[in-house]
Amino acid sequence: FTMKDEILKRFLTAEGEPISGQVLADELNVSRTAIWKHMQTLKQEGYEFETVKKRGYKLLSVPDKVDMGQLQQFLTTERYGRQVHYYETVESTQLVAHELIRAGAPDGTVVIAEHQTAGRGRMMREWESTEGQGIWMTVIIRPDVAPHQAPQFTLVTAVAIVEAMKSSFKNFTPEIKWPNDILINGKKTTGILTEMVAEADRIQALLIGIGINVNQKIDDFPEQLQTIATSIAIEEGEPVERVHFVANVLESLEKYSDEYVKNGFGQIKQLWEQSSGTIGKRVKATTLREVVEGEAVSITESGVLEIRQANGEIKGIYSADIELLP
Ligand code: BTX
């Protein structure tokens, strides 16, 4: 926590009551000038204060940001989100996370940005990250598991986000599209990108990249995405306070990744299949090498999608783009 965060925390918990500069200075053991400077910074960041005569400052409004100070108000996690690296603009939160891992960032460290200039999906595809309207974050986790288990964390994360959506919103039902998308009414609202830093037999860290469209209106998306993408606000029918939902997602992610590490894939698989829009459907899977058509029958313990082809043969797919067939 920086001094500025401490000051912010007091205002956020003051429930609209004014707080005097002198009280802040005394409690935080710094000069009034120092307090004044931090107040100027907060104002520049978009916090609005009213000066109440003889009583101090009153917090009027909070910018729609997802920074550390605000996030801590809502979090009930043990590790996830306890360290947050917040940026206005980055190329990609994944790149920042790679650097932080080299510097020893602890389990649960979050990198979050209002805007990405080079957000990316799988295979270096672009991920559109409109300023201030989505959740663009990478969660660094350090589970004690073997490298071959890394892909399961994409499924764990999908379950965690879907469960967080179900508890936060009421007007839609999210669906998981194997392996890494969450759709609402058939349109993509969330993408997950799991990367790994590993030694031969042990994971050093996983980078769970999460992109969630939250407050976009349809014409905020570039034209080529308008028919395939959607946002939570569009589907819920009202704007969403991002910081609150980020806290819910982190809580859910901590819960389900701990569940996976402790008890294995059983519960996750069940929840995944319940929310899956893929299982039981006819699909066309395009991998780097081939195209497989058939009925998606299940996912295995290791997250492999099994497709029953027309000739009855079952084929396991590790990575592909999936298209639902009529
Ligand atoms: P993906 O490869 O499955 O999906 C990428 C494809 O999705 C694109 O080719 C495009 O068609 C479509 N797309 C691009 N942007 C959007 C969007 N905002 N909404 C809906 N569809 C879109 C999915 O990869 C994984 C994305 C992870 C993004 C996070 S954001 C934080 C972190 N940092 C980073 O650079 N990536 C991750």
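Helices, of at least four residues, and strands, of at least two, are DSSP runs numbered from the N terminus. The views below show a predicted model.

**Figure 1. Secondary structure elements contribute to the shell around the ligand.** Helix H5 (93-102) supplies at least two residues of this shell, and so does each of the strands S5 (134-141), S8 (187-198) and S9 (203-213). The shell is made up of nine nonpolar, 12 polar and seven charged residues. Among the 28 residues around the ligand, those that come nearest are Ser 92, Arg 120, Arg 122, Glu 128 and Asn 213.

Figure 2. The ligand taken alone exposes 790 Å², of which the protein buries 92%.

**Figure 3. The largest pocket holds the ligand.** Rolling a probe the size of a water molecule over the atoms shows where empty space is left. The space in the largest pocket amounts to about 870 Å³. This pocket is lined by 42 residues, and the closest to its centre are Gly 121, Glu 126, Trp 127, Glu 128 and Lys 188. At least two lining residues come from each of H5, S5, strand S7 (181-184), S8, S9 and strand S14 (321-324). Sorted by class, the lining comprises 17 nonpolar, 16 polar and nine charged residues.

**Figure 4. A cis peptide bond joins Trp 178 to Pro 179.** The omega angle of this bond is near -5°. Pro 179 belongs to the loop between strand S6 (174-177) and S7. For comparison, most peptide bonds are trans.

**Figure 5. Asn 29 has a positive phi.** Its value is about 65°, although Asn 29 is not a glycine. Most residues other than glycine have a negative phi. Asn 29 is found in the loop that lies between helix H2 (21-28) and helix H3 (32-44).

Methods
Residues numbered from 1 in each chain as written. Predicted model: local features only at pLDDT ≥ 70, side-chain atom pairs only at ≥ 80, totals over all residues. Heavy atoms only, no water. Near = heavy atom within 4 Å. Areas by Shrake-Rupley, 256 points an atom, 1.4 Å probe, with all protein chains shown as cover. 1 Å grid on protein atoms, 1.4 Å probe; cavity = no way out; pocket = protein on both sides within 12 Å on 5 of 7 lines; lining within 4 Å. Sits in = over half its atoms within 2 Å of the grid points. Nonpolar A, V, L, I, M, F, W, Y, C, P; charged D, E, K, R; others polar. Points joined across faces, edges and corners; volume = space filled by probe spheres on them.
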